[in-house]
Amino acid sequence: MRVIALTGGIGCGKSTASAFFQKMGIPCIDADKLCHELYLSGDPDLLKQITERWGCGVLAEDGSLDRAAVANIVFQDKNELDALNAMIKPFAEQEVRRRLEQFRSAGEKVVLLDVPLLYEAGWDQLAEVVIAVWTPPAIRDERLQQSRGWDLAEIRRRQQFQMDDNEKLERADYGIINSGTQAELEEQCRAIWERICSHGISDNKIF
């Protein structure tokens, strides 16, 4: 089974590209959704680690994790974000591997691994091919301002916790330049998929 990883910084359109690949019938493991499910699951070992570091103030009234409270802490201090990622990574990676094995056992030939922090987590090692979505900074900032209501200061604050978009593009096997319409983005997704099916890994081919 071939594992195709998809990554990209905030506001680059990775989620839209992921939806296009899934529309082509490619099953997907969404790391963001997976981590959200881990939060909601209330795994006692994970909750114990989190509350030991930040106290019970990060728990909601029902005892579940208050994601907003955690976000307020970790997006102010990279050391705290690194600590959170270190807590979650073993649980998330175990679940990713379990789901990959499920797809393999079901006879799937290819699976899309959608991970914003792919390189940061070291999960590029799980994939045969990596695709990065990149958007010109001005367009990216405008999208984030419109879709999430962030000002430029908030955008920059969030970006400092992620690998630079240019580096992701350089390290990937394939790059999508998302600076136009959704139809143009979908066309690039299809072109990359056809290329992967016929040739495998490229030499950092940009579409």
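# Salt bridges, strands and confidence

Reader: How far apart are the closest N and O atoms of the salt bridge that Asp114 forms with Lys14?

Author: Asp114 and Lys14 form a salt bridge in this predicted model. A salt bridge requires a Lys or Arg side-chain nitrogen within 4 Å of a carboxyl oxygen of Asp or Glu. For Asp114 and Lys14, the separation of the closest N and O atoms is 2.6 Å.

Reader: How many residues apart are Asp114 and Lys14?

Author: Asp114 sits in strand β3 (residues 110–114), while Lys14 sits in helix α1 (residues 14–23). The pair therefore links distant parts of the chain, and the separation of the two is 100 residues.

Reader: Is Asp114 buried or exposed, and is Lys14 buried or exposed?

Author: Buried means under 20% relative accessible area. Asp114 has a relative accessible area of 1%, and Lys14 has 8%. Because of these values, Asp114 counts as buried, and Lys14 also counts as buried.

Reader: Which residue of β1 has Asp114 as its bridge partner in β3?

Author: Strand β1 and β3 run parallel and are joined by five bridges. In the bridge that involves Asp114 of β3, the partner is Leu6.

Reader: Which residue stands opposite Cys28 in β3?

Author: β2 and β3 run parallel, with three bridges joining them. In β3, the residue opposite Cys28 is Leu112.

Reader: How many residues of strand β1 are buried?

Author: Strand β1 covers residues 2–8 and is mostly covered. One of its residues, Ala5, stands opposite Leu113 in β3. Of the seven residues in β1, the number buried is six.

Reader: Which residue is the bridge partner of Ile4 in β4?

Author: Besides its bridges to β3, β1 has five bridges to strand β4 (residues 129–134), and β1 and β4 run parallel. For Ile4, the partner in β4 is Val129.

Reader: Why are Glu52 and Lys48 separated by about one helical turn?

Author: The side chains of Glu52 and Lys48 meet in a salt bridge, at 2.6 Å from N to O. Glu52 is exposed, at 57% relative accessibility, whereas Lys48 is partly exposed, at 48%. Glu52 and Lys48 are separated by about one helical turn because they lie four residues apart in helix α3 (residues 44–54).

Reader: Which residue forms a salt bridge with Glu154?

Author: Glu154 counts as buried at 18% relative accessibility. The closest N and O atoms of its salt bridge are 2.8 Å apart.

Reader: Over the face of which residue does Arg158 lie?

Author: Arg158 is partly exposed, at 22% relative accessibility. A charge counts as over a ring if CZ of Arg is within 6 Å of the ring centre and within 35 degrees of the ring normal. Arg158 is 4.4 Å from the ring centre, and the ring belongs to Phe75.

Reader: Which residues does Glu186 touch, not counting those up to four places away in sequence?

Author: Glu186 lies in helix α10 (residues 182–199). At 16% relative accessibility, Glu186 counts as buried. Leaving out residues up to four places away in sequence, Glu186 touches Phe20 and Lys23.

Reader: How many contacts does the stretch of residues 201–207 have in the model, beyond near neighbours in sequence?

Author: Over residues 201–207 the pLDDT is below 50. Setting aside near neighbours in sequence, the contacts of this stretch in the model number 26.

Terms used:
Residues numbered from 1 in each chain as written. Predicted model: local features only at pLDDT ≥ 70, side-chain atom pairs only at ≥ 80, totals over all residues. Heavy atoms only, no water. pLDDT = per-residue confidence, 0-100. Contact = heavy atoms within 4.5 Å. Buried < 20%, exposed > 50% of the residue type's maximum accessible area, 1.4 Å probe, protein only. Pairing = 2+ DSSP bridges.
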